[in-house]
Amino acid sequence: MYCYRKVKEDLYWVGANDRRLAMFEGVYSVPDGVSYNSYLLMDEKTVLFDTVDKAVSDTFFENVEAVLGDRTLDYVIIHHMEPDHSATLDGLVRRYPDMKIICNEKIVVMMKQFFEFDVDSRAVLMKEGSSFNTGKHNLVFVMAPMVHWPEVMVSYDTTDKILFSADAFGCFGALNGALFADEVDFMRDYLDEARRYYTNIVGKYGTQVQAILKKASALEIDMICPLHGFVWRKGHGDFISKYMHWSTYTPEENAVMIAYASVYGHTENAAEVLACKLREVGIKTVMFDVSVTPASDIISACFRYSHLVFASTTYNAGIFVNMEALLHDLAAHNIQNRTVALIENGSWAPTSGKLMREILSGCKNITFIDTELSVKSSVKADQMAVIDQMVKEIAATMPKKTEVSQVPAGEMDANAMFKLSYGLFVLTAKEGDKDNGCIINTTVQLTDTPKRITIAVNKANATHDMIKNTGVFNVSVLSTDAPFQMFQHFGFQSGRDVDKFAGYENAQRSANGLYYLTSGSNAVISGQVIEARDYGTHTLFVADVTEARIISDVPSVTYQYYFDHIKPKPQPTDEKKVGWICKICGFVYEGEELPADYICPLCKHGAEDFEKIQ
Ligand code: FEO
């Protein structure tokens, strides 16, 4: 029996799960299974987005037929020719002989390599930026070479703001009835498998992933539909932020990953002693026996943690086999930006330390801890001092915890303001025919009876003048599912330059005739100004609440949550800039001195919210 799920009004998931597969791609264990996602758009034209692996073809074809009903399939889009997504293409061609195949030139070449059917008469070729209209929907194609094969492209539905991301943003694990990431506790239950999927499948191609992330950052994305794992319809800012870490080879955590190869337990003992001593000085450690833990788990951990220790016995005058394979695998996955310590063992001629160093020396930006431990058969008491020294050197390379500064009386540390636990809001107003909105962080309830609030609004914002002239506003309380694009849209551009509500779909009007947000927001409060006070850069408005409504149960965004989970982390760059960076939005002012009265052109914060680029 068919088993599909509705993704959007006219979009259906018609994929399937495989829980019998032992090794994905013949290499990666998938104890929780894997999903092969395919999506079917029922527009004026019927369009299938990719197919599935042969192992689940029966369910897939049943799903496609059930959703199509009495219609035929007009098009299939092939984003990626790897057989886990294209193996059933020939079966599809047999079932729907008039179907066209939307693809690109590189995909055509591979399609002819894999299949015997007539490709040329069916192929509809797309290039970077090409678009294809299906009726109500408009699809734009973006090439994504090496994410994960050279022919890969992704597509973006400009109508529903959906990114069909191919392998990107995928995850190991069968879906188990859920389709959307928000139907499960993804960060708790699936992040490790998502990391293992990313690092092992596309970890090598960080630069190419960065390129596609850069293209994606220019899009307003409401939903991400990957070829494996869950569909993202909210909260994908956190996941994109993880991709930023992984693709730039930036550690997620300052901690030590210890992988050891030990035949009779003596090398393991050296690793254990080191781990205990690291813990004693407060450093987090994780440990893996390379003969027990699959390499894909260890590689994933190497991408997660900042410090890596490899301990190996010497074996056939070389590195122990599993450790040697792991290190070559790690180097092939392009690991970089890590601090590494080495422990070798050998009963007559220990050489594994030197050989491990040779493999890792080929990786970019690896810092070796000076002290190496060379064990002859087993650790001896006089070597405890060597391990202590190794711990000392590892600790010295860990970022220091911020020390509590002794601020003399009267001194001002502007960063203290960031410790305030205020939220973030979209403030909307309307003057004549013109609507506008901006981001503020200063909405406070003043009294309960009557219900009154205050808002402080920067005079540089166009919304400020509208409220001053009309005395009416709405505050949309932003929730944790608000995407970064929403902050960019309302916070990083001026209503004097653009109409922020032109074509903006996630908004409705409240009783006062003003817009409020229906997505990325959990409540709306309408205010009628009863008093306005001038405070220099800002005006403080006191207002009676005229309407208040709950929109969703998603928690409110705090300033801290925005910085930790929504605002993308700055990407490392070789280019050294001289200037000042806005701590709020990341805008860079180029120049040695920042004028004291400078206002950020993007987010309208003042000079006090800039810090010098070091
Ligand atoms: Fe899921 Fe690269 O295939």
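Which residue forms a salt bridge with K277? The partner is D388, and the closest N and O atoms of the two are 2.9 Å apart. A salt bridge here is a side-chain nitrogen of Lys or Arg within 4 Å of a carboxyl oxygen of Asp or Glu. This pair links distant parts of the chain, with D388 in helix α13 (residues 384-396) and K277 in helix α9, 111 residues apart. Helices (H or I, at least four residues) and strands (E, at least two) are DSSP runs, numbered from the N terminus. K277 is buried, at a relative accessible area of 17%, whereas D388 counts as partly exposed at 37%. Buried means under 20% relative accessible area, exposed over 50%, and partly exposed in between (1.4 Å probe, protein chains only).

The model is predicted, so local features need pLDDT of at least 70 and side-chain atom pairs count only at pLDDT 80 or more, while totals for chains, interfaces and linings use all residues. Residues are numbered from 1 along each chain as its sequence is written, and side-chain values use heavy atoms, with hydrogens and water left out.

Side chains of opposite charge can pair when their charged atoms come close. The count of salt bridges comes to 28. One of them joins the side chains of E183 and R5, at 2.9 Å from N to O. E183 lies in the loop between β15 (162-166) and α5 (186-189) and R5 in strand β1 (residues 5-8), so this pair ties together parts that are 178 residues apart in sequence. Both ends are partly exposed: E183 has a relative accessibility of 36% and R5 one of 26%. Another salt bridge connects R549 with E547, where the closest N and O atoms are 3.0 Å apart; R549 is partly exposed, at 36%. Salt bridges that share partners also join D192, R195, K242, E252, E253, K284 and R304 into one network.

On the surface, V263, Y264, Y315 and V321 form a nonpolar patch with about 430 Å² of accessible area together. Such patches are made of residues with over 30% relative accessible area and no salt bridge, nonpolar side chains (Val, Leu, Ile, Met, Phe, Trp, Tyr) being joined within 5 Å and like charges within 9 Å. Areas come from the Shrake-Rupley method with a 1.4 Å probe, and for residues only the protein chains shown count as cover. Y264 lies in the loop between β17 (253-261) and α9 (266-280) and counts as exposed, at 73% relative accessibility.

On a 1 Å grid over the protein atoms alone, a cavity is a set of points where a 1.4 Å probe fits but cannot get out, and a pocket is an open set with protein on both sides within 12 Å along at least five of seven lines; lining residues have an atom within 4 Å of a point. The structure holds one cavity of 30 Å³ or more. About 70 Å³ of space lies in the largest cavity, whose lining includes H236, D238, F484 and Y561. The second largest pocket has a volume of about 890 Å³. Of the 41 residues that line this pocket, the closest to its centre are N441, H538, Y559, H605 and D609. β25 gives the most to the lining of the second largest pocket, with four residues.

Terms used: Points joined across faces, edges and corners; volume = space filled by probe spheres on them.
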